[in-house]
Amino acid sequence: MENIRVRFAPSPTGALHIGGIRTALYNYLLAKKYGGTFILRIEDTDQTRFVPGAEDYIIEALHWAGIVPTEGQSFGGEYGPYRQSDRKAIYLDYAKKLVENGQGYYAFDTPEELDAARQADDTFKYDYKSRARLNNSLTLSAAEVQQRLDSGAPYVIRLKVPEGETVHIQDLVRGEVNFQSNELDDKVMLKGDGMPTYHLANVVDDRLMKITHVIRGEEWLPSTAHHVLLYRAFGWEAEMPRFAHLPLILKPDGKGKLSKRDGTRLGIPVFPLSWTGETPEDSFVGFREAGFDPRAMVNFMAFMGWNPGTEQEIFSMDELAEAFSVEKIGKSGARFDIEKARWFNQQYIMASSEEELAKTVRPIVEAHGHQPTEAYLRSFVGMMKERVVLFPDFWTNGAYFFEDFTVFDEATIRKKWKTDGSRAIFAPLLEQLDGQADYNAAAVQACVEGFTNAAGLKFGDVLPILRVGLTGTMKGPAVFDMMALLGKVECRRRMERAFDLFDQVI
RNA sequence: GGCCCGUUCGUCUAGGGGUUAGGACGCAGGAUUUUCAUUCCUGUAACACGGGUUCGAUUCCCGUACGGGCUACCA
């Protein structure tokens, strides 16, 4: 395959759903695999649904995910403009061409009239039958049509769907799909406000931008028949792009496709980035803010509906592009499973260097009022990285590296600490620890072992006291490693504070 | 309702006329770690149903059921 040109064409109506990210990803992967071009086109033809900030959101989300366009809105290129509202005149030309060729016609029926027709008959369709009795340039005289146009009366341009044909679609994912043209309605191509509908704009732009593959969600499959008819009407059918319709992403629970509401309802992210809408109901947390590594999100999304056919699970973007093929895209909907996403994230965190992790974790720690040295922070993330799933877990599970604990594991202390003697027993340990010239893990361990043996205790009597005394919890990295990082003075301070607490509380 | 698409463990999926139907997540148990996590081992669990075709269907065909999408001057 050569000169692959694919596009991701979202509508800026709000935050970009995770399904959109996957569509963008598959397009990107195909382009990357064959050295093609990945284009971002903004489909803002519905002025009533335009949401300020949505375009910026889309671009930022793509950058964050590493699915970066090589051409398109805000990325430049020779086939612009890439925002459909900036291409209005182009669509008008093509819509008129349709009328001139006899493949389209002007229609003057008002939305109210059409609503009424649907009210009267719920099977009403503006099609090859009904157009003969409706208000359009097929039924009106040429003079009357011209008069209406001249008077500035509102009109739309509709596609004149041919009668009695079978439209064949060769879908890369689904194989051959057929539609009877008699089932198809005469879709509006140019709206009353002069803007094109999705169908016209999409076909015209894909043609003008030399798109070779249309990879989009399954919801577009039914209207693809109209698109094929449109290519035919313009005489472009022979160079029509190839179609690939992706399976939908389904709700984690219940039935139906994943919706933005599922995120809030289940407390899981279904958007790449957080979005603040006008109301709390229209505001959502993103994968980024929830603490996901974008590489993990991408890896996870890649596997929703596609599989390399091998047993490898962890893929970098480069590996994904290498292994990707449209033929391996599945046909059935994939249920969104946040547990799997969490597993991927854990894998990526464990595989990350301390340097990388420190960079991500620093802002989290600083948000809690601490400015650790880089060395300290790196040791910290190194010790914690096998014990976290999401980035915020570093703080949630490891705050004691930076400040005193406020609650501690009382159950363990009750078992191991005696108010009438433990303090005296452990006092020598504190002294011996203070005597360590080099407070490294091995030295501290040797010291603790020496104390344990001399006191006739078992490791199991001493370690929990140290661990809970230092951190408040029984969960965490190796005690001696933590002690070495905390340092002699801090350990002594913490133990004395803990002994006081133990005596008070137990 | 009409048109279109789909259906392998709870989930993501591999596979494909004759297989012990494979992997991953999750869950359960065990080993290691005198913590937790990691790691390793083991277990759990699936071809929607009914007819064909065939020596043989989970795999091919047709139905049914179920699920989904579309059916706007929204994308």
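1. Salt bridges. A search of the whole structure, a predicted model, finds 39 salt bridges. The term means a side-chain nitrogen of Lys or Arg within 4 Å of a carboxyl oxygen of Asp or Glu.

2. Ground rules. Local features need pLDDT of at least 70 and side-chain atom pairs pLDDT 80 or more, while totals for chains, interfaces and linings use all residues. Side-chain values use heavy atoms, without hydrogens and water; residues are numbered from 1 along each chain as its sequence is written, and chains are lettered from A and ligands numbered from 1 in the order in which they are written.

3. Arg423 and Asp503. These two form a salt bridge, with the closest N and O atoms 3.2 Å apart. Arg423 sits in helix α17 (residues 422-434) and Asp503 in helix α21 (residues 488-505), so the pair ties together parts 80 residues apart in sequence. Helices are DSSP runs (H or I, at least four residues), as are strands (E, at least two), numbered from the N terminus. Arg423 is partly exposed, at 31% relative accessible area. Asp503 is also partly exposed, at 24%. The cut-offs: buried is under 20% relative accessible area, exposed is over 50%, and partly exposed is in between (1.4 Å probe, protein chains only).

4. A network. Salt bridges that share partners link Arg7, Arg41, Glu43, Arg87, Asp205 and Asp206.

5. Helix α12. Arg342 and Glu339 meet in a salt bridge at 3.9 Å, N to O. Both lie in α12, three residues apart, about one turn of the helix. Arg342 is partly exposed, at 28% relative accessibility.

6. Arg288 and Glu289. Their side chains form a salt bridge at 3.1 Å, N to O. Arg288 is partly exposed, at 32%. Glu289 is partly exposed, at 36%.

7. α12 (338-351) is one of the elements that supply at least two residues. With five, α12 gives the most.

8. Polar contacts to RNA strand B. The cut-off is a pair of N or O atoms within 3.5 Å. A polar side-chain atom of Thr45 lies 2.8 Å from a phosphate oxygen. For Arg49, a polar side-chain atom is 3.2 Å from a sugar or linking oxygen. A side-chain N or O atom of Glu313 is 2.8 Å from a sugar or linking oxygen.

Key:
Polar contact = N/O pair within 3.5 Å; in protein donor to acceptor, adjacent residues only side chain to side chain.
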